[in-house]
Amino acid sequence: MQYRELGGKDGLRVSTLCLGTLPFGTRIDEATAFAVLDRFYEAGGTFLDTANTYAFWEPNATGAESELVIGKWLRSRGVRDEMVLATKVGALPEPLDAPWPEAAEGLSAPVLRRQVEASLRNLGTDRIDLYYAHIDDRETPVEETMGAFAELADAGKITLSGCSNFAAWRVEESRGAAERAGGPAYAAVQQRYTYLQPRPGADFGVNPHASEELLDYLRTHPELAFVAYTTQLTGAYNNPAKEIPEQYRHAGSTQRLAVLGEVAKELGVAPGQVVLAWALGGELPILPVIGASSVAQLDESLDAVELVLDDEVRARLDAAGLDAES
């Protein structure tokens, strides 16, 4: 495993692969989740990602299931201080059966104060290492949200804060509000990002693919960690039976997938491993959130950490599909 600092040189040391746990406790049972977590830990993985929403949309679920499984695993293994826990707030619908995302709880100070306590109980811990604003809330003043994050940090309930699914200008606005208030600014941005590029105008709802504007912003703010989700397209790169999401279906993607397949064959690895190596070794440092429903799937992703793409291969991958009509 490889590691980097999150939040600057005096920040949190995290593994470069972050284990996403969205289906734990719902589509993935506890025994399987524990096996995956054990293997991630044995391989040197330290960075876990969850949310207070995972996975409320499943039958009879409340959104606490993933946090509860992680909390139970941490207690049973006694490894809390070796792990970096990231969870999220702001997207849980109130009530659970209300239309989403219209009924999302938002990022007001009362919501943050209430939900941090719920997540701390679920995770069985006294602190959250990285607490994300899950989706943007344009109704709550940014000063209120950043003031609440500062309050939680001052109380020792969170170490760092971050944002997910924010436009670049909203990231900047939030960081400016934190600076004016004398509190800590967001230390991480989590956004959808993968090797395939979305077609122009593709609609991802409140979970957008990272825009070129956001990527440019991140390149010029190295103190901000970029945590990318859906990097593996939920297994679609490796499994021909899984469809590429419709937002990525265009001529450019066809060409990129062809080059990706060629590179994977030349290197003797799976296409999804090439995608992870591409993300890990690029000009913009990326911490990919990986998913795994079995230890075997996890091992495949772990092997990608040691895969290094040379400049020629990376140039081929980056250039593929750029001249295709969308």
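Ala, Val, Leu, Ile, Met, Phe, Trp, Tyr, Cys and Pro count here as nonpolar, Asp, Glu, Lys and Arg as charged, and the others, Gly among them, as polar. With these classes, the lining of the largest cavity in this predicted model divides into five nonpolar, three polar and three charged residues.

A search of the whole structure finds one cavity of 30 Å³ or more, and the volume of the largest cavity is about 40 Å³. Its lining is made up of Leu 107, Asp 136, Asp 137, Thr 140, Val 142, Thr 145, Met 146, Phe 166, Arg 170, Ser 174 and Tyr 186. Two helices, α4 (142-154) and α5 (168-181), each contribute at least two residues to this lining. The largest share, three residues, is that of α4.

Open spaces come next. The largest pocket holds about 1,300 Å³ of space. A total of 48 residues line this pocket, and Leu 22, Arg 27, Thr 230, Thr 234 and Gly 291 are the ones nearest its centre. At least two lining residues come from each of β8, α8, β10 (287-290) and α9 (295-303), and α9 gives the largest share, four residues. By class, the lining of the largest pocket has 20 nonpolar, 22 polar and six charged residues.

The second largest pocket has a volume of about 450 Å³. Its lining consists of 21 residues, with Tyr 193, Glu 212, Leu 215, Arg 219 and Trp 278 nearest the centre. Helices α6, α8 and α10 (311-319) each provide at least two residues of this lining; the largest share, three residues, belongs to α6.

Within α6 (residues 212-219), the residues Leu 214, Leu 215, Tyr 217 and Leu 218 are buried. Viewed down the axis of α6, the buried residues fall within an arc of 160 degrees, so they line one face of the helix. Glu 212 and Glu 213 are exposed and sit on the face of α6 turned away from the buried side. The partners against which the buried residues of α6 pack are α5, β8 (188-192) and β9 (225-229).

The largest nonpolar core has 83 residues, and Leu 48, Tyr 195, Phe 226 and Leu 317 touch the most other members. Leaving aside residues up to four places away in sequence, Leu 317 touches Tyr 195, Arg 256, Val 259, Leu 260, Val 263, Val 274, Trp 278 and Leu 309. Apart from this core lies another, of 17 residues, including Leu 6, Val 14, Cys 18 and Val 227.

One of the contacts of Leu 317 is Val 274, a residue of helix α8 (residues 271-280). Is Val 274 buried or exposed? With a relative accessible area of 1%, Val 274 is buried, because buried means under 20%. Val 274 touches Leu 260, Val 263, Ala 264, Val 269, Leu 307, Leu 309 and Leu 317, again not counting residues up to four places away in sequence. Between the C-alpha atoms of Val 274 and Glu 223 there are 26 Å, and the two residues are 51 residues apart along the chain.

Definitions and conventions:
Residues are numbered from 1 along each chain as its sequence is written. This is a predicted model: local features need pLDDT of at least 70, side-chain atom pairs count only at pLDDT 80 or more; totals for chains, interfaces and linings use all residues. Side-chain values use heavy atoms; hydrogens and water are left out. On a 1 Å grid over the protein atoms alone, a cavity is a set of points where a 1.4 Å probe fits but cannot get out, and a pocket is an open set with protein on both sides within 12 Å along at least five of seven lines; lining residues have an atom within 4 Å of a point. Grid points are joined across faces, edges and corners, and a volume is the space filled by probe spheres set on the points. A nonpolar core is a set of buried Ala, Val, Leu, Ile, Met, Phe, Trp, Tyr and Cys residues joined through side-chain atoms within 4.5 Å. Buried means under 20% relative accessible area, exposed over 50%, partly exposed in between (1.4 Å probe, protein chains only). Contact means heavy atoms within 4.5 Å. The arc is that of the directions from the helix axis to the C-beta atoms.
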